[in-house]
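Please examine the structure shown below.

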Amino acid sequence: FLVEAAVATQSVASLAALSDFLDFSKEPKSLLEKFLYAAAFSPRPSGELLHLVLDKLDGKQLAPETWETGIVAVGSLVGKLCQQKLCGLQQVVERGVETILRGLRGAEEDPEVVIYLLALGNAMLPETIPTLLDHAEDGPTAVTAAATSALQRFPAHHISSKVKRVMRRIFHQKRKSYDKICRLAAAEILLDNHPSPMDVINILLATSEMETEMATFLLLKVQNSLRDHHHLARNIMKDIMGDSQINNYNFFSKVGISSSFSGPLTVTQDLISTFGLDLLFLEGGFLRKSVSDFSLLSHGQRLRAAQVTFEAQGMESVMGENLSEGEEEPELMAGMSATFFNVQLRPIVFFQGYTDLMAKVLLSSGEPTSVVKGNLLLMDHHQVIPLQSGLQVTVKLQGGLGLDISADMDVSIWEQELKTSVNARGSLTMDFQAELDSPFLQATLRSQTEVETSIHFDTMLRFSSSPMLMCLQLREEQVPYR
């Protein structure tokens, strides 16, 4: 807790104390991860904080998990400093960008490349888009997926005609075959960023030649955008759906079990919170990817409060399924990745390879994997307001978040079941103070607010019979508000 508080303070003294205390070659990984994530989530980080993180990572032999967390944290810090218009003004920001780009150029293994691409996604620097495009179009499957995922995070005004041309080539497989996850991500980038009518029509026409599950998923994405009043393509979709050559039974009668849904949880005058769930299955009924997303929309801005993705690949061989023509057989793997408050965390691998799967099945502890746990400073605002009378009011606002997110994936080969669960517990506290101080009058207004919430999301799939049985459960405990 003291490490988290020292990061939140960000004074010269607290950063000096952190520098003295944290020894990256000795400290337990959990404590180092807390420090790095506290830095990554900092609402207004300083150049000195980035300098400290870079110094601690520089030239040391680190545990893989610590190194991965450190690189994604550097990306987040660079992005937030650039949002404060400090790009080009502080040398440490350029050092942070160069650390990521130099590492990406020198990376030899795919998992290493993926981490650097995720860091670029956290930084969201427009000048790195050409680098992301190169990796998206020419990289192996894992690299292409990470690069397209990073591009999805950029706001619409950065998705240029060049980006769209590359996404078209990936989706329509103009240069080589791509994994279905990469193709769907490319389609989403085209559909979500002021699409041209021709792009929408071509994507819809392409579904007639796709596997049932992929086509079902994509058609549901299009139908969702019609229901979403804030979607950038809603009016174009409505016009296209007026054409009976496209909006007909032949197109929209796909009978796959994949699904894509999104809808509001809370709606107020200033804020809309939404829950979205994407489930993409293989043709034989095994879950390929699931994405649960909690987002906040306010005054045209979107904040991804929490997004948890489970992914399993290479299951075709275990289930005895055939691959699509031209598709390379991916390595057997299951893992998850998470994004909180627009910060992508390092991915977690549950198992990699058949031997690892068997070991995990036989030696499963039943304990969920901790994704992120800690206390974060979310808001830190200080303002002096001069009044017409000549007096001054000082306004202070601080908001802290306690977060505990864990996830679990359990595969039973014998019972032919797959269970995933995400448990998210959080408590938010806000402290507001307005103070008027003059020689003859003193007045203070103070408000303290606390809210706690707990959300559990479980999926259970039983693929021993056909059709496959699926249970989804979203539970929210009572929300105390003080």
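The lining of the largest cavity divides into 5 nonpolar, 2 polar and 4 charged residues, where Ala, Val, Leu, Ile, Met, Phe, Trp, Tyr, Cys and Pro count as nonpolar, Asp, Glu, Lys and Arg as charged, and the others, Gly among them, as polar. This is a predicted model, in which local features need pLDDT of at least 70 and side-chain atom pairs count only at pLDDT 80 or more, while totals for chains, interfaces and linings use all residues. Residues are numbered from 1 along each chain as its sequence is written, and side-chain values use heavy atoms, with hydrogens and water left out.

A cavity is a set of points, on a 1 Å grid over the protein atoms alone, where a 1.4 Å probe fits but cannot get out; lining residues have an atom within 4 Å of a point. Grid points are joined across faces, edges and corners, and a volume is the space filled by probe spheres set on the points. By this rule there are 3 cavities of 30 Å³ or more, and the largest holds about 50 Å³ of space. Its lining includes Glu4, Glu33, Lys34, Tyr37 and Ala38, together with Val372, Lys373, Gly374, Asn375, Leu376 and Leu403. Both α3 (29-40) and β8 supply at least two residues of this lining; β8 gives the most, with 5 residues. Helices (H or I, at least four residues) and strands (E, at least two) are DSSP runs, numbered from the N terminus.

Strand β8 leads on to the sheet. Here 5 strands form an open, antiparallel sheet in the order β8-β9-β10-β11-β12, two strands being paired if DSSP finds at least two bridges between them. Its edge strands, β8 (369-386) and β12 (469-476), each pair on one side only. Neighbouring strands are turned by 10° against each other on average, direction ignored.

Elsewhere, helices α11 (residues 180-192) and α12 (residues 197-206) pack at an angle of about 145°, their axes 9 Å apart. Axes are lines fitted to C-alpha atoms, for helices over the stretch in contact, and angles run from 0 to 180 degrees between N-to-C directions. In contact (heavy atoms within 4.5 Å), Ala187, Leu190 and Leu191 of α11 meet Asp199, Val200 and Ile203 of α12. By class, this contact has 5 nonpolar, no polar and 1 charged residues.

Definitions and conventions:
On a 1 Å grid over the protein atoms alone, a cavity is a set of points where a 1.4 Å probe fits but cannot get out, and a pocket is an open set with protein on both sides within 12 Å along at least five of seven lines; lining residues have an atom within 4 Å of a point.
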